[in-house]
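Subject: Structure handover

Hi,

Here is the structure I promised to pass on. My notes follow below it.

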Amino acid sequence: MQTKQDYLLEVKNLKKYFPIKAGLFGRVVGQVKAVDNISFSIARGTTMGLVGESGCGKTTVGKTLLRLNDKTDGAVEFNGKDIFNLGKDEMRSIRPKIQIIFQDPYSSLSPRMPVGEIIGEAVREHNVVPADEYDSYITRIMLSCGLQEYHKDRYPHEFSGGQRQRICIARAIALNPDFIVCDEPVSALDVSIQAQIINLLVDLQGEFGLTYLFISHDLSVVEHISDTVGVMYLGSMVEFADKREIFRNPLHPYTKALFSAIPIPDPTVKTERIILEGSIPSPANPPTGCKFHTRCAHCMDVCTKVDPPMVDFDGHMVACHLYPAEGRQ
């Protein structure tokens, strides 16, 4: 059983709303509820997978955890400190410890800087190593990520997609972080290269003791790399559990529909695909009650009126009226 000291990151009732403005004077007429009251914890040295349809708020969660977005409400505790309560100097000291790997490796790299400078710019800015060790340190980081020393003087356009992502990974780990948000780091890569990058992330986690939030659409990748998995729908967390438990026994109807789409590489095995009817509601005007009830085959009257609470079934968290609170273990 995890204790509070075992968790590197704890997210409590986090909300991130974006205002909708209209008119000549930019009057606020509504809110896009991109992240709506979610909570979870990530243990040190582990990987949490975060899955869900496009537009469900996964990337907004990742950016808000790093304070790249301001929060609307809630708390994000990193090593026991709420990062939104830190002053400018404290935040600067903690910034190297929380990094991100972006989805598109090309647009996240400056085309005007050589690779060595891209990786080392923040290292120099935060004085990660003494000046006389700087060059050898950058070389060591590059070699750890499958890059060669002579790559230092080349520019991003001279590399393939997989090599560019290795540069992004090297830039992140060069600051000796504790926590990295991996925002769909392999979705823009070929399948064969995806496997190499995933294996690299796993190796680096073992070497440096890293903790990951791994955001992805690819459930097979999430199953391979994650220790725990959270499922988001329309800004809300609908299910959270250990990786083996959630893939073995998904509880929420939305999770079951997602997992039914995972292809099985065996032509003799037939799976029953669950097709969700209707379109995703707008996060600016979400349905009352359970946000999923407009697409759920198990919808009951209570689902249209009452937002279901998270229920704990022996560590398997689910927010669904099919699992009433009095039935928790």
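This is a predicted model: local features need pLDDT of at least 70, side-chain atom pairs count only at pLDDT 80 or more; totals for chains, interfaces and linings use all residues.

**Around β9**

β3 and β9 run parallel and are paired over 4 bridges. On to the next partner: β9 and strand β10 (residues 236-242) are antiparallel, joined by 6 bridges. There, Val 231 sits opposite Glu 239 in β10. The β9-β10 hairpin has 2 residues between its strands, and Leu 234 takes a positive phi near 50°. How many of the 6 residues of β9 are buried? The count is 5, so β9 is largely enclosed by the rest of the structure.

**The sheet that holds β9**

This open sheet has 8 strands, in the order β6-β7-β8-β3-β9-β10-β12-β11. Its pairing is mixed. The edges are β6 (98-101) and β11 (311-313). Each has a single partner strand, so one side of each has no neighbour in the sheet. From one strand to the next, the twist averages 20°.

Strand β3 (residues 47-51) also pairs with strand β8 (residues 211-215). That pairing is parallel, over 4 bridges. Met 48 has Leu 213 in β8 as its bridge partner.

Two helices to look at here:

- Helix α1 (residues 58-65) packs on the sheet and touches β3, β7 (179-183), β8 and β9 (228-233). The direction of α1 makes about 150° with that of β8.
- Helix α6 (residues 191-208) lies across β3, β6, β7 and β8. α6 runs at about 160° to β8.

**The 4-strand sheet**

A further open sheet has 4 strands, ordered β2-β1-β4-β5, with antiparallel pairing. Here β2 (27-43) and β5 (81-82) are the edge strands. Each has a single partner, so one side of each is left without a neighbour in the sheet.

β1 and β2 are antiparallel and pair over 13 bridges. Within that pairing, Glu 10 has Ser 41 in β2 as its bridge partner. Their hairpin has 4 residues between the strands, and Gly 23 there has a positive phi near 85°. Strand β4 (residues 73-78) and β5 are also antiparallel, joined by 2 bridges.

**The α3-α4 pair**

Two packed helices are described by the angle between their axes and the distance between the axes. Helix α3 (residues 115-125) and helix α4 (residues 134-144) pack at about 120°, with axes 10 Å apart. The crossing of α3 and α4 is right-handed.

Which residues meet? From α3 come Val 115, Gly 116, Glu 117, Ile 119, Gly 120, Glu 121, Val 123 and Arg 124. From α4 come Tyr 134, Tyr 137, Ile 138, Ile 141 and Met 142. By class, the contact has 8 nonpolar, 2 polar and 3 charged residues.

Burial in each helix:

- In α3, Val 115, Gly 116, Ile 118, Ile 119, Gly 120 and Val 123 are buried. Their cover includes α4 and α5.
- In α4, Tyr 134, Tyr 137, Ile 138, Thr 139, Ile 141 and Met 142 are buried. These pack against α3 and α5.

Both helices are followed by a residue with positive phi. After α3 comes Asn 127, near 50°. Just after α4, Gly 146 takes about 80°.

**His 151**

His 151 lies in the loop between α4 and α5 (161-173). Is His 151 buried or exposed? It is buried, because its relative accessible area is 5%, and buried means under 20%. Its side chain reaches the backbone nitrogen of Gln 148 at 3.0 Å. Leaving aside residues up to four places away in sequence, His 151 touches Val 115, Met 142, Phe 159 and Gln 163. Val 115 is also among the α3 residues that meet α4, and Met 142 is among the α4 residues that meet α3.

Best wishes

Definitions and conventions: Residues are numbered from 1 along each chain as its sequence is written. Side-chain values use heavy atoms; hydrogens and water are left out. Axes are lines fitted to C-alpha atoms, for helices over the stretch in contact, and angles run from 0 to 180 degrees between N-to-C directions. A crossing is left-handed if the near helix is turned anticlockwise from the far one by less than a right angle, and right-handed if clockwise. Contact means heavy atoms within 4.5 Å. Ala, Val, Leu, Ile, Met, Phe, Trp, Tyr, Cys and Pro count as nonpolar, Asp, Glu, Lys and Arg as charged, and the others, Gly among them, as polar. Buried means under 20% relative accessible area, exposed over 50%, partly exposed in between (1.4 Å probe, protein chains only). A polar contact is a pair of N or O atoms within 3.5 Å; within protein, one must be able to donate a hydrogen and the other to accept it, and residues adjacent in sequence count only if both atoms are side-chain atoms. Two strands pair if DSSP finds at least two bridges between them.
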